[in-house]
Amino acid sequence: MGDSIQRTPSRPRHKPRVEVLYELFLAEVRDRLGSLGLQGDDLEELVQIVFTVANRRTAVIPRNDEAARRWLMEVCRKQVSNFRKLYRHAYEVLDPEAVADAVAQPEDPEQYHATIALVQAAARLMPEDEREILLRHDVEGESLHEIAKWLGLKKSGAHVRVKQARARFVEKLALIEAQRRGRRRKRGFALAWFMGLFVELWRWILEKRAQWKRLP
């Protein structure tokens, strides 16, 4: 009698959508992440993150396989971008001797403060509006669009004003340097060189911004 009990016919098991995508596009996801500069453990970590995102957002993944592939490639791009912004990937090191081997900054404090004084002096010789442009754009990081809105210009006009302000700063920097006592040789102030120095050092003198504005 027990043998006559009817059983519900088994239904074919459908794989979850993310499992299908994993089988179809795992190699492409790995290749895409590799092409964006990841390797080793970082690459494998991001592979898992990409498919974890896909699992959480299954409802919005296109049903068409090709469209789903493009969706995964975009997730790869965004995850790599986020990965690179993480503080630990930018600053953590695995070298236990890193602290002991680190070089004190600046290596030459006297020269460092002399350069700060040079930058301050050059900035004081600039027109207030040009000094403000450099402060906003190159130190505080405002975009050209924001600079243009502040100046009441188009973006192209703001770009011209930034270039003019940078050129003025280079001119004043060279002038101050030429007036230094005991100067034995000329130093070229290429634009590419001064920008990195300018951004680093002018952060230190932001507190003097109010004083500069009172200059004639």
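Asp 42, Glu 45, Leu 46, Ile 49, Val 50, Phe 51, Val 53 and Ala 54 of helix H2 are in contact with Trp 71, Leu 72, Val 75, Cys 76, Gln 79, Val 80 and Phe 83 of helix H3. Contact here means heavy atoms within 4.5 Å. By class, the residues of this contact are twelve nonpolar, one polar and two charged. Ala, Val, Leu, Ile, Met, Phe, Trp, Tyr, Cys and Pro count as nonpolar, Asp, Glu, Lys and Arg as charged, and the others, Gly among them, as polar.

The model is a predicted one, in which local features need pLDDT of at least 70 and side-chain atom pairs count only at pLDDT 80 or more, while totals for chains, interfaces and linings use all residues. Residues are numbered from 1 along each chain as its sequence is written, and side-chain values use heavy atoms, with hydrogens and water left out.

The protein chain has eleven helices and zero strands. Helices (H or I, at least four residues) and strands (E, at least two) are DSSP runs, numbered from the N terminus. Of the 216 residues in the chain, 31% count as buried. Buried means under 20% relative accessible area, exposed means over 50%, and partly exposed lies in between (1.4 Å probe, protein chains only). Among contacts between residues at least 6 apart in sequence, 67% join residues at least 24 apart.

The geometry of the opening pair comes next. H2 (residues 40–56) packs against H3 (residues 65–85) at an angle of about 125°, and their axes are 10 Å apart. That angle makes H2 oblique to H3. Axes are lines fitted to C-alpha atoms, for helices over the stretch in contact, and angles run from 0 to 180 degrees between N-to-C directions. Angles under 35 degrees count as roughly parallel, over 145 as roughly antiparallel, 65 to 115 as roughly perpendicular and the rest as oblique. The crossing of H2 past H3 is right-handed. A crossing is left-handed if the near helix is turned anticlockwise from the far one by less than a right angle, and right-handed if clockwise.

H2 also packs against H1, at an angle of about 140° and with the axes 10 Å apart. H1 and H2 are therefore oblique to each other, and H1 passes H2 in a right-handed crossing. From H1, the contact uses Val 18, Leu 21, Tyr 22, Phe 25, Leu 26, Val 29, Arg 30, Leu 33 and Gly 34; from H2, it uses Leu 43, Glu 44, Leu 46, Val 47, Gln 48, Val 50, Phe 51, Ala 54 and Asn 55. This contact of H1 with H2 holds 13 nonpolar, three polar and two charged residues.

In soluble globular proteins, nonpolar side chains tend to be buried together. The largest nonpolar core in this model has 23 residues, and those with the most contacts inside it are Val 29, Leu 33, Leu 38, Val 47, Phe 51, Trp 71 and Leu 72. A nonpolar core is a set of buried Ala, Val, Leu, Ile, Met, Phe, Trp, Tyr and Cys residues joined through side-chain atoms within 4.5 Å. Helix H1 (17–35), H2 and H3 are the elements that give two or more residues to this core. H3 provides the largest share, eight residues. Leaving aside neighbours within four places in sequence, Leu 33 is in contact with Leu 38, Leu 43, Leu 46, Val 47, Cys 76 and Val 80. Apart from this core lies another, of 15 residues, among them Ile 147, Phe 169, Leu 173 and Ile 176.

Leu 125 is partly exposed, with a relative accessible area of 40%. Not counting residues up to four places away in sequence, Leu 125 touches Lys 172, Leu 175 and Ile 176. Leu 125 and Leu 173 are 48 residues apart in sequence, and their C-alpha atoms are 9.1 Å apart.

Helix H8 (residues 144–151) and helix H9 (residues 155–178) pack at an angle of about 95°, with their axes 8 Å apart. These two helices are therefore roughly perpendicular to each other. Leu 144, Ile 147, Ala 148 and Leu 151 of H8 make the contact with Lys 155, Ala 158, His 159, Arg 161 and Val 162 of H9.

Trp 150 is also in H8 and counts as partly exposed, at 35% relative accessibility. Not counting residues up to four places away in sequence, Trp 150 touches Asp 129, Glu 132, Ile 133 and Arg 136.
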